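The structure is shown first.

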Amino acid sequence: MQVKFEFVIYDETLDKFEQDDNVYLLELNDEQILTYNLLKDKDLYLYNWFQESEFFITWIKENVYPQSIGKKIAISVIDDILFLRFYFFKVTSGDIHYEYFKKLFDIFHEANWQDREEVGEQILERLLIKRRELIIELKEGDTKDSNSKTSK
Amino acid sequence: MDYKYINKMLAEMDKDLSSKGLSRRDAMKLAGISGASLIMGGASSAEASTEAAPAVSTAKGKIVIVGGGLAGMSTAARLTLNLANPDITVIEPQALSVSYQPGQTLVAGGIWKESDIAYKRDDFVPSGVKLIKDKVIGFDPNNNKVTTASGEVVSYDYLIVATGLQLDFERIKGLEAAGRAYSSGDNSKLLKVLGDSGVCSIYTAEGATKTWEQMQKYVAQAKSGKKTQFVFTDPDTPVKCGGAPKKIVYLTNSRLKEAGARENAELTYYPNGGLMFGIPEYHDAILEQFKREGFKWHYRHNLVEVELENKIAVFDSKWQEKGRWDPMMRDFEVIGKHEKLRVPYDFLHITPPQIAPREIAESDIGSAGGWIPVNKETLQHIKFANIFAIGDIAQVPMGKTGGSVRKQYKVLVDNLIAKMEGKKMPSKYAGYTVCPLITSIGTVMLAEFDWTVKPTPSFPLDPLVERWVFWLMKVYALKPMTMYGMLSGRA
């Protein structure tokens, strides 16, 4: 089974993310497919699993961004699951993103008086922290257990 | 509890009931509730009767409560019941700080007099509690000290902040000279600015009386055959009792109908938000009531200016439009638009913007928005573990009503005593609040809800139905429950 990935590159100086327009395919083994299917309906659990998995980091370092030690990236798409809102949310973003973040960050929107813009600012504030949790820094280290095939 | 007072209220209630051919027992049967709960306001009766003998803690520590309104004084009272050796100081400058604010709508509707809701702070200071009649103007949480306006420095081991909020009339252009006001106390500056202009607000006790005067004047104008515009506002800040800006619409409507003047009046409600109420079920019910009564409403309008001489209210009118495609988000943007809208009025009821007092907002204990940032369940300050906040000043959602305080003060006392004993804090506030929404003179929809954003009725009755029995509860039962139940620390 192949999983489609897209990434964003984090520019620390500008504190900004830039979309990498390429799509990368990762081949999962049977055990990984089981885990993937178990987590695919829980977007951040799925993200965390990949982020914490050695095979995934190895694949990135060897196949996606080789010779890029020190580079900071984040996953923006896994198959049809979009994480773009974490990096590119704006106060003017659509309602669906507001609903997602209000639930995720437990933001209570008192819609009988509160402006949408005020809630948007609260979301952006929380995202400053959340984004840091999602960033993957490519570091020097063991890359022998790749356990996967890739194509671009 | 003051049984003489309750008996007097019951006698008045019986008189009202008998004029409609009902006994009190019949009324209770109609409501499907017990006598005690009718008097005590829902679940509170059980709580009041079972809390007569609370566990007393031997924990020690100097507790300072800044603010002696309903929240501060009820908390002080409950602490005296729960601590064997209480060392409590309340700092409160207003002589009428414990006045019954939920009654201000009834004063504005001509049902009560201002004297019916005026209560003296000094009559409600719990035995053994020290009172400092001064205002705290400085907070030094790193050294556990507060400073009063007269320069007195008061140290504490534990601090409870219950200052309430301020009514920010000065933010509205044209009313700058009104300054900021509190619900009780001297609001002569505000009254002077508003004068006899048709502009009023129920958010102060004196203002409620003034509202009744102005309401009568413009009801009479409508009765004389002149088309009369009644305009009601609701701001872009949290407000005390989210139902109050609508209650005054309903009361005005009742008085117009009673005078046979309704057909000459147009009642228009301008809320900043996009809903009538934050709870969908109550929003829907209120919307139907507005349609039934022929009110007009315009969402997303925030009052920014009043031209007193021209009798024009200026609103910031807001709306949203579908924006451009955002390729990064792979979705369309939503663009906020706004413009100024000038609305002529004869009678203008202002629900003022409501904010944290400067001395809190500008201190280390306030948040960027001014309110005191607390854990919304434990009410403990998020930075200073020996500080708690309660009532209007605490940064908790939907928490600015007396009904919220009735739940919060028990949670706070449990948690503070646990903290003093070095134990884990046991109690959690779940966001309960209650708004007896007056929908006419004689009917109330009892809106009870919490952070589940669902109705949480205390009675086995459809919470969306307007009932006379809840009107009786609002007019006769809730005040004694508050003044003698809560302020004694028991209900």
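## Sheet S4-S5-S6 of chain B

In this predicted model, strands S4, S5 and S6 of chain B form an open sheet of 3 strands in the order S4-S5-S6, with antiparallel pairing. Strand S4 (136–140) and strand S6 (153–155) of chain B are the edge strands, each pairing on one side only. From one strand to the next, the twist averages 25°.

Within this sheet, strand S5 (residues 145–148) of chain B pairs with S6(B) in the antiparallel sense over 3 bridges. B:Val146 stands opposite B:Val154, a residue of S6(B).

## Sheet S13-S14-S15 of chain B

Another open sheet of 3 strands in chain B has the order S13-S14-S15, again with antiparallel pairing. Its edge strands are strand S13 (301–307) and S15 of chain B, and each pairs on one side only. The twist in this sheet averages 25° from one strand to the next.

S13(B) and strand S14 (residues 312–326) of chain B run antiparallel and are joined by 6 bridges. Here B:Val306 stands opposite B:Ala313 in S14(B). Strands of a sheet pair through backbone hydrogen bonds, in either a parallel or an antiparallel sense.

## Parallel pair S1 and S2 of chain B

The pairing of S1(B) with strand S2 (residues 87–91) of chain B is parallel and extends over 5 bridges. B:Val66 stands opposite B:Ile91 in S2(B). Strand S1 (residues 62–66) of chain B is mostly covered, with 4 of its 5 residues buried.

## Helix H8 of chain B

Helix H8 (residues 205–223) of chain B has 19 residues. From its first C-alpha to its last, H8(B) reaches 27 Å, close to the 27 Å expected at 1.5 Å a residue. B:Gly225 follows H8(B) and has a positive phi, near 105°.

## Contacts between the chains

On the chain B side, 28 residues are in contact with 18 residues of chain A. Strand S15 (residues 331–344) of chain B supplies the largest share of the side that touches chain A, 6 residues. By class, this side of chain B has 15 nonpolar, 8 polar and 5 charged residues.

## Confidence in chain A

How does chain A score on pLDDT? The average for chain A is 92, and 93% of the residues score at least 70. Over residues 144–152 of chain A, the pLDDT is below 50. Beyond near neighbours in sequence, that stretch of chain A has 25 contacts in the model.

Key
Residues are numbered from 1 along each chain as its sequence is written. Chains are lettered from A and ligands numbered from 1 in the order in which they are written. This is a predicted model: local features need pLDDT of at least 70, side-chain atom pairs count only at pLDDT 80 or more; totals for chains, interfaces and linings use all residues. Two residues are in contact if their C-beta atoms, placed from the backbone, lie within 7 Å. Helices (H or I, at least four residues) and strands (E, at least two) are DSSP runs, numbered from the N terminus. Ala, Val, Leu, Ile, Met, Phe, Trp, Tyr, Cys and Pro count as nonpolar, Asp, Glu, Lys and Arg as charged, and the others, Gly among them, as polar. The expected span of a helix is 1.5 Å times one less than its number of residues. pLDDT is the predictor's confidence in each residue, from 0 to 100. Two strands pair if DSSP finds at least two bridges between them. Axes are lines fitted to C-alpha atoms, for helices over the stretch in contact, and angles run from 0 to 180 degrees between N-to-C directions. A residue is buried if 20 or more other C-beta atoms lie within 10 Å of its own, exposed if 12 or fewer, and partly exposed in between; C-beta atoms are placed from the backbone.
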